[in-house]
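Colleague: I would like a close look at a single part of this model. Please take me through it step by step.

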Amino acid sequence: MTRQEIADIYGDELLFLDPEKFDACIIGVATRCGLPPSVVYDRARIANMFIDEGMTFEEADEYISYNIEGAYVGENTPLIMEGV
């Protein structure tokens with residue numbers, strides 16, 4: 001799903017990671033009881049994007065942990081999914 005497709009379905013209250021290059025890492029939208037829906041990103045896709053831009057795996061992992069997973073911006077904070 002693209003950023004625009006998600007916004008068309010769920011409205012403007014969703015938050016997205018910026019810049020829009022992260023859109024390729026979107027895997028869907030999660031709904032939770034009593035909370036607004038949140039955009040869900042695939043952690044491996046984000047890591048691979050950073051690796052393709054020149055980071056090592058360790059640098060990408062640390063950046064994601066600290067700057068993305070560690071950032072709470074309210075109930076609409078995007079979710080990061082890690083597959084097993």
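Leaving aside its neighbours within four places in sequence, which residues is Thr77 in contact with?

Modeller: Bear in mind that this is a predicted model. Leaving aside neighbours within four places in sequence, Thr77 is in contact with Leu15, Ser38, Ala71 and Tyr72. Thr77 itself is found in the loop between helix 3 (57-69) and strand 3. Its relative accessible area is 12%, and buried means under 20%, so Thr77 counts as buried.

Now to strand 2, which spans residues 35-42. Seven of its eight residues are buried, so strand 2 is largely enclosed by the rest of the structure. Strand 2 pairs with two strands, taken here in turn.

Start with strand 1, residues 26-32. Strand 1 and strand 2 run antiparallel, joined by five bridges. Arg32 stands opposite Leu35 in strand 2. The hairpin of these strands has two residues between them. There, Gly34 takes a positive phi near 80°.

Then comes strand 3, residues 79-81. Strand 3 runs parallel to strand 2, and three bridges join them. In this pairing, Asp42 stands opposite Met81 of strand 3.

Among the contacts of Thr77 is Ser38, and residues 35-42 make up strand 2.

Key. Residues numbered from 1 in each chain as written. Predicted model: local features only at pLDDT ≥ 70, side-chain atom pairs only at ≥ 80, totals over all residues. Heavy atoms only, no water. Buried < 20%, exposed > 50% of the residue type's maximum accessible area, 1.4 Å probe, protein only. Helix = DSSP H or I, 4+ residues; strand = E, 2+ residues; numbered from the N terminus. Pairing = 2+ DSSP bridges. Contact = heavy atoms within 4.5 Å.
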